[in-house]
Structure formats: C-alpha cells, structure tokens
Amino acid sequence: MITLLCVLFIAIAGVALPARLTQSRYGRILIGALGLSLGFALYRARDYLHFNFEAFGFIGYALMILVFGLVFYGLTKFGVAKDISFPLTYCVMFFSLNVLSPSIFDVFAKSLPILNLIAFGCFFYLLARIIMKMFSRKPSLAKEMRHLEAGSVHQVDEREIEREIKGEEKEETELARYLTPLTIQNLHSVDNLEIALKNVLSFLARNRALTEESKLGLVAYLRKLAAAKEAFAKRLKVLRDGLDRNQRYDKKQLHELRTRMKKTADKRKKVEIQKEWLTEKKKLELFDFIFSNEKRINGKMGEFESCLGQAVHGLTENNIPQAGIWIKKAQAVLNVIGSALRRIGHFESYLRKAAHQVEERLKNERDGR
C-alpha cells in the first residue's frame, strides 16, 4: 500500500507543480521528495483516518482509474516513453492493490478475468524489454551525434541563436542612438566649460582691480559653472546604467556560447562559436575600460567643483591671483575629464563594431555558412 500511495502522490505532484520545475533536475527531486513524504505520511496515518480502499465501494474503482491516469501522466511527464509508462503503471497498481485488497481482484477474476491477463502480459512485456536492453548494442557515438544535430537540440540552438542575434542588434542600436550621444553631450559640456573658464581668466588678466559689482558677477558665474556638474553627473549615470545592462547581457551570452561550443560536434561551427566567444570576451574588457574611465571622471568632477569653490573663495577675499590659480587648476581637471570622455567614445565605437561582428557571425552559424 505504501508503494501505491507514494507513486500516487509523486504523480499528483508532477501534475500540480509548474512545468518550469518539473523540467529541471532540482524540480524532479522536489517532486519525488514531496510524493514520498505525503505517501508515507498517509500510510502511517491510515488507521487514524480510517483510510481503506474497500470502504469506497464503486467510488474506489473510479479512484483506481483516476490514480492510474495520474501515474501514467506523471511518468510520461518525467520523460518515460508511453509504451513503458502504461505497462509499468498497470503492473504497479495491479500488484500493489493485490497486496492491499485481494478481495477486489477476486471480483475481477470472476467478472473481468481479462484484467488479470493484461497485468501478466504487461509484466512479461516489461521483463522482455529489460532483457533486450541488457543485451542490445549501444548506438555508436557518431550516430548519436547525428541524431543530436538533426533533432531537438539543433532546434533549441537555432532559437538561442535567433535570440542572441536580436540581443546584439538591440545592443548596437542602444549604443548608437542613446549611449554614445550621452558621451558626446558630456564632451560638449566640457568644451563649453573650458571656453567659459578661458573667458574668465582673460577677464581677470584685463582687470587687475575688480569692482564689487564685477566681483559678485564673477562669483555667481563660477557657481553656475560648478552647478553644471549635476547635469553632467546625471548623464554619466544614465550612461553607466545602460552599459551595465549591456555588460550583464554579454556575460550571460558568454556563458551560453561556452556551453554551445562544448556540445557542438561540427568543427566548422565550433570555430565560428569560438570567434563569437572571443569577441564577447573582448567586449567585456572594453566595458571594464569604460567603467574605469567613468570612475575617474566622477572623481575629477568633484575635484573640478572644489577648484571652482576655492576660486570663489579667492574672489570673495579679494585675492584675484589666488582665484586665477584655482581656475587654471579647474582647467587642468577639465582637460583630464575631456581625455577620459574621448577614450570612452572610442571604446563605445569598438563596442558597436564588436556587436556587429558577433551579429554577423551568429548569422553565419545559423545559416551554416
């Protein structure tokens, strides 16, 4: 009885749990553990619950048919072939119920003797299959590989390749339309700030003694230039978030390419996948270069704001030479920021080209070229 109950609950768990669980290794372990625990618990509590199939009468026969259907469906859902699932389910139920309630099969022997005949037929069929499996020759490795290439695994690879092609197209488009323009905007901001600071230094060089009105105007102007850091930093954050998203996608794709390269038997395809993998790895290195420059820019923007703050302090203290020194330091900081932004722009260009290369190689892999 305990065997029947465990098989019953394993089948019920296989039907009830979602496909995303039943198709994974850990999900199948969960189904087995859940079915065994529920079956064992009901067996231990059968006296307390007065659980007995004979007490159900005709409903018991309906329950047996339901149990048979659930077990059969559960086995097929686990990947067991139907010509094995049916006789295995029938034998398990027949012999389990025969131990549990022999009187039920006495009724079968008198009214429906064919049920006993089917049980023994299924038993000998399974026995014959086991013997044939023991003595049959295993298919050659080459035959198995041809089957894999022509079967469902090849179809899964094609779907995976199509998804990867769309992912590369999306990455290339996002870089060209959204992320690179942000870098260009920040470069324009740096150029405008450099021009503004050059004009301030020219003004200070022409006016050794500043009126109170000129001094207040310069202080307000420098504070406005320092405030430009906020918009600059905001664009830099949007750029970082977009690149982070693409980097996560490329890391995932690198893993998928490595998996596909290991299971691919075709040497030509393996070489093509290896090229894709190497390009994806290069892209990840480019992301690291971009992020190191972005981190440096963030630090330098804080330094730029501090330099302008010191220049404002010099002006308020009427120390014009000191203010000029700090403005020149701010210019030097902007020069470093501009160089880092130009490097980011170059790396983004390389990323677009690399994404296009991977896209073309994926199409070659898909089309068999």
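1. **Basis.** This is a predicted model: local features need pLDDT of at least 70, side-chain atom pairs count only at pLDDT 80 or more, and totals for chains, interfaces and linings use all residues. Residues are numbered from 1 along each chain as its sequence is written, and side-chain values use heavy atoms, with hydrogens and water left out.

2. **Overall make-up.** The protein has 13 helices and zero strands. Helices (H or I, at least four residues) and strands (E, at least two) are DSSP runs, numbered from the N terminus. The order of elements from the N terminus is α-α-α-α-α-α-α-α-α-α-α-α-α.

3. **Burial and surface.** The protein has 369 residues, and 37% of them count as buried. Buried means under 20% relative accessible area, exposed over 50%, and partly exposed in between (1.4 Å probe, protein chains only).

4. **Contact range.** Take the contacts with a separation of 6 or more: 79% of these join residues 24 or more positions apart. Contact means heavy atoms within 4.5 Å.

5. **H12 and H13.** Helix H12 spans residues 267–316 and helix H13 spans residues 320–367; their axes come within 8 Å and cross at roughly 165°. H12 is therefore roughly antiparallel to H13. Axes are lines fitted to C-alpha atoms, for helices over the stretch in contact, and angles run from 0 to 180 degrees between N-to-C directions. Under 35 degrees counts as roughly parallel, over 145 as roughly antiparallel, 65 to 115 as roughly perpendicular and the rest as oblique. The H12–H13 contact has 31 nonpolar, six polar and 15 charged residues. Ala, Val, Leu, Ile, Met, Phe, Trp, Tyr, Cys and Pro count as nonpolar, Asp, Glu, Lys and Arg as charged, and the others, Gly among them, as polar.

6. **H11 and H13.** The axes of H11 and H13 come within 12 Å, crossing at roughly 25°. This pair is therefore roughly parallel. Among the contributors are Leu 222, Phe 232 and Arg 260 of H11, and Ile 327, Leu 341 and Glu 365 of H13. By class, the H11–H13 contact has 11 nonpolar, one polar and three charged residues.

7. **Asn 246.** Asn 246 sits in helix H11, residues 212–263. Its relative accessibility is 6%, so Asn 246 counts as buried. Beyond neighbours within four places in sequence, Asn 246 contacts Glu 171, Glu 174, Leu 179 and Phe 287.
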